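Dear colleague,

I am handing over the structure below, and after it you will find my notes on what turned up when I went through it. Please read them alongside the coordinates.

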Amino acid sequence: MKRLLTFLLLLVCIVAHAQQPTHYYVNISTSQGNAVLKLYNETPKHRDNFVKLAKEGFYDSLLFHRVIRNFMIQGGDPDSRYAADRVQLGNGGLDYKIPAEIQSDLIHKKGTIGAARDNNPAKQSSASQFYFVQGRKYSQAGLDSLEQFRMQGNKLSAMQRKAYSTVGGTPHLDGNYTVFGELLTGLEIVDKIAAVATDPFDRPLKNERMAMRILTRREAINLERENSGLPPQNGFFTKLFDSLKSKYYTVQ
């Protein structure tokens, strides 16, 4: 009996250790609905910084302070938490920057999250301010025109052309800002927030606040299972396995 119990305990430990999410995911709550954000492992500095701030509750109650329809919705200014109505926002932030992690295959398609920045030559990102891309869909002729007039003759790849003609986005931002994640669900909240009435500074007339929470290890595992066509696991043994590990996890 003791051997059997020892074997079962060992099995439980092995299975519990083996189950590990491959990415971090963030639940974003807004007055327009909820969304789930997947953070890219290809941009670890931005990923880890965003996770740290979200865990600390930094983003809770902050505003989407800059909204431009058919372009993007921006938030993350700590000055927005207690800002009076009609005050211009966008200059607040933390006392450090994130090194650029710009990559040619991480593009500004609709629903991606990018890091805001000032005009520093190294293209370092704001530590807290970000934007969700809305943009628009382009025809092939429209992309040709964009290359010629706004992108100074630089050519879009086949991957970019396919994304911007089917999903949509903001092609002219590629190569200039770090894209570090994408929405898996809740893309409609970007459209809803982008459509609200704004003042001359692009701040919504009605405050649009946010809250963020990192998905737990089990939530992340089940999300990845569902995205792979597998059912979620929430049974007795799953809960037993999970009780042996922290609900949080680390992605390398």
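By class, the lining of the largest cavity is made up of seven nonpolar, five polar and no charged residues. Please keep in mind throughout that this is a predicted model. The count comes to one cavity of 30 Å³ or more, and the space in the largest cavity is about 60 Å³. Among the residues that line the largest cavity are His46, Asn49, Phe50, Tyr59, Ser128, Phe130 and Phe180, and helix 2, which covers residues 44-55, gives the most to this lining, with three residues.

The largest pocket has a volume of about 540 Å³. It is lined by 26 residues, of which Gln74, Gly90, Ala116, Arg117 and Gln129 are the closest to its centre. Strand 3 (64-68) and strand 4 (72-75) each supply at least two residues of that lining, and by class the lining of the largest pocket divides into eleven nonpolar, ten polar and five charged residues.

Asp48 and Gln252 are 204 residues apart in sequence, and their C-alpha atoms are 9.9 Å apart in space.

Turning to charged pairs, the count comes to twelve salt bridges. One of them joins Arg86 and Asp199, with the closest N and O atoms 3.7 Å apart. This pair links distant parts of the chain, since Arg86 lies in the loop between strand 4 and strand 5 (97-98) while Asp199 lies in the loop between helix 5 (187-194) and strand 10 (210-214), 113 residues apart. Arg86 counts as partly exposed at 36% relative accessibility, whereas Asp199, with a relative accessible area of 9%, is buried because that value is under 20%.

In another, the side chains of Arg217 and Asp242 meet at 3.0 Å, N to O. Here too the pair links distant parts of the chain, with Arg217 in helix 6 (residues 217-227) and Asp242 in helix 7 (residues 236-243), 25 residues apart. Arg217 counts as buried at 2% relative accessibility, and Asp242 is buried with a relative accessible area of 17%.

Salt bridges that share partners also join Asp144, Glu147, Lys155 and Arg161 into one network. Within it, Lys155 forms a salt bridge with Glu147, the closest N and O atoms being 3.6 Å apart; Lys155 counts as exposed at 65% relative accessibility, but Glu147 counts as buried at 5%.

Best regards

Definitions and conventions
Residues are numbered from 1 along each chain as its sequence is written. This is a predicted model: local features need pLDDT of at least 70, side-chain atom pairs count only at pLDDT 80 or more; totals for chains, interfaces and linings use all residues. Side-chain values use heavy atoms; hydrogens and water are left out. On a 1 Å grid over the protein atoms alone, a cavity is a set of points where a 1.4 Å probe fits but cannot get out, and a pocket is an open set with protein on both sides within 12 Å along at least five of seven lines; lining residues have an atom within 4 Å of a point. Grid points are joined across faces, edges and corners, and a volume is the space filled by probe spheres set on the points. Helices (H or I, at least four residues) and strands (E, at least two) are DSSP runs, numbered from the N terminus. Ala, Val, Leu, Ile, Met, Phe, Trp, Tyr, Cys and Pro count as nonpolar, Asp, Glu, Lys and Arg as charged, and the others, Gly among them, as polar. A salt bridge is a side-chain nitrogen of Lys or Arg within 4 Å of a carboxyl oxygen of Asp or Glu. Buried means under 20% relative accessible area, exposed over 50%, partly exposed in between (1.4 Å probe, protein chains only).
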